[in-house]
Structure formats: C-alpha cells, structure tokens
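Here is a friendly look at the charged side chains of this protein. Please keep the sequence and the 3D view open as you read along.

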Amino acid sequence: VGQLDFLPQHGFQVHVGTLRPTSRGRILLNSADPKDPPTIDPNFLDTEKDVVEMRKAVRLADELIQQPAFDEYRGKRFAPTPDISLADDEAVDEWIRSSSHSAYHLSCTCAMGKVVDENGSVNGVDNLRVVDASIMPSMTSGNLNAPTIMLAEKISDNINGLPALESESLPYYVAENWQTHQR
C-alpha cells in the first residue's frame with residue numbers, strides 16, 4: 001500500500017523515520033543557466049546506520065501495534081505485507097529500501113556557517129539570500145514547519161532593519177524520571 005493509495009475501510013497507520021540520518025545527499029548544478037534544473041540526489045539509506053535504525057523502528061512500530069490495546073482495531077497488516085518476516089533483517093531491509101519515501105522534510109543543503117551567514121546571505125554572492133529549511137546547520141528532531149517559520153521571521157526582521165527580539169526564559173515541563181522511564 002503506497003502513500004497515495006486509499007483503502008476501502010477504516011484503519012490506522014504508523015510512520016517511522018530517522019531523526020538524525022547519517023546519509024548525505026547532494027544538489028548539483030547542471031549548467032551556469034539558472035533556468036536549468038539541478039540534479040538532486042537525496043542519497044537516502046546510504047549508510048548502514050540509517051538502515052539499521054529504520055529496521056529497528058519498523059520492528060518497534062509492529063511491537064506497539066501488537067499490544068492488546070489495539071486488538072479491537074487491528075486488522076490485517078498491509079505494509080510490510082504479512083509474508084515479509086520482521087525477524088529477517090534482509091527481508092525488512094529490502095522492504096525499507098523499496099518502500100521508503102522522504103516525507104518531504106529535506107533540509108540543511110545550504111547550511112548556515114558553510115553556504116550562508118546568520119542572515120541567510122550566500123557567501124561570496126552579493127544580494128542573494130536563502131531563507132528556508134535548507135540553511136539549517138543540522139536537522140531538527142521534529143517537524144520543520146515551526147523552526148522554518150521562526151528562522152524566516154528572524155531573517156525577515158534583519159532584512160527590514162528591525163532589532164532582534166529580547167531573549168525570554170520561560171518555564172517548561174520536565175518529567176521527574178525522564179531518563180529512566182523510557183524503553
């Protein structure tokens with residue numbers, strides 16, 4: 001079952017992914033003509049570490065779904081198909097490689113400090129800025145939407161000559177046993 005396939009009955013799904021992949025892709029210019037599209041190679045799952053983490057994530061997702069709390073909701077597994085043994089590393093790895101997708105949260109291709117400065121200005125190029133998730137120096141451990149908006153607002157303020165907002169220290173919740181109460 002693919003991302004755009006619709007099933008004729010109710011169901012639920014679990015998505016897994018690596019938050020800190022070690023595989024690195026690249027964007028290459030095909031010519032000096034800015035109208036020519038670049039070649040984009042995300043190079044997903046290039047490192048063994050990324051594949052192992054995805055394998056563990058698939059198995060953990062299945063373990064969670066097999067809990068008694070899901071008994072009345074759980075039907076037949078669609079993906080990976082039931083004929084794929086989750087105990088077989090090679091079979092799981094093959095399914096991961098053939099079925100994974102990006103979730104469209106690509107970032108860090110024009111990293112701040114390497115390609116752009118703290119204001120999004122491209123190093124060595126006058127009057128050109130990049131103001132999106134590509135300038136993040138490292139991946140966030142969550143959705144890119146809020147941090148990208150924050151980054152764009154701060155750079156927009158700089159472009160418009162506005163001062164940076166004052167730093168605030170706000171309280172936040174930390175569970176007492178957060179270091180020992182997780183799996």
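Arg-59 and Asp-89 form a salt bridge in this predicted model, with their closest N and O atoms 2.6 Å apart. This pair joins distant parts of the chain, since Arg-59 sits in helix α1 (residues 48–65) and Asp-89 in helix α2 (residues 89–99), 30 residues apart. Both partners are partly exposed: Arg-59 has a relative accessibility of 26%, and Asp-89 has 34%.

How many salt bridges are there in the whole structure? A search finds seven.

| Pair | Closest N to O distance |
|---|---|
| Arg-59 and Asp-89 | 2.6 Å |
| Asp-62 and Arg-77 | 3.8 Å |

Take the pair of Asp-62 and Arg-77, whose closest N and O atoms are 3.8 Å apart. Is Asp-62 buried or exposed? Its relative accessible area is 19%, under the 20% cut-off, so Asp-62 counts as buried. Arg-77, at 25%, is partly exposed.

In the pair of Asp-71 and Arg-74, both residues are again partly exposed, with 44% relative accessible area for Asp-71 and 25% for Arg-74.

Finally, back to Arg-59 and Asp-89: these two belong to a network of salt bridges that also links Glu-48, Arg-55 and Asp-93.

Methods
Residues are numbered from 1 along each chain as its sequence is written. This is a predicted model: local features need pLDDT of at least 70, side-chain atom pairs count only at pLDDT 80 or more; totals for chains, interfaces and linings use all residues. Side-chain values use heavy atoms; hydrogens and water are left out. A salt bridge is a side-chain nitrogen of Lys or Arg within 4 Å of a carboxyl oxygen of Asp or Glu. Helices (H or I, at least four residues) and strands (E, at least two) are DSSP runs, numbered from the N terminus. Buried means under 20% relative accessible area, exposed over 50%, partly exposed in between (1.4 Å probe, protein chains only).
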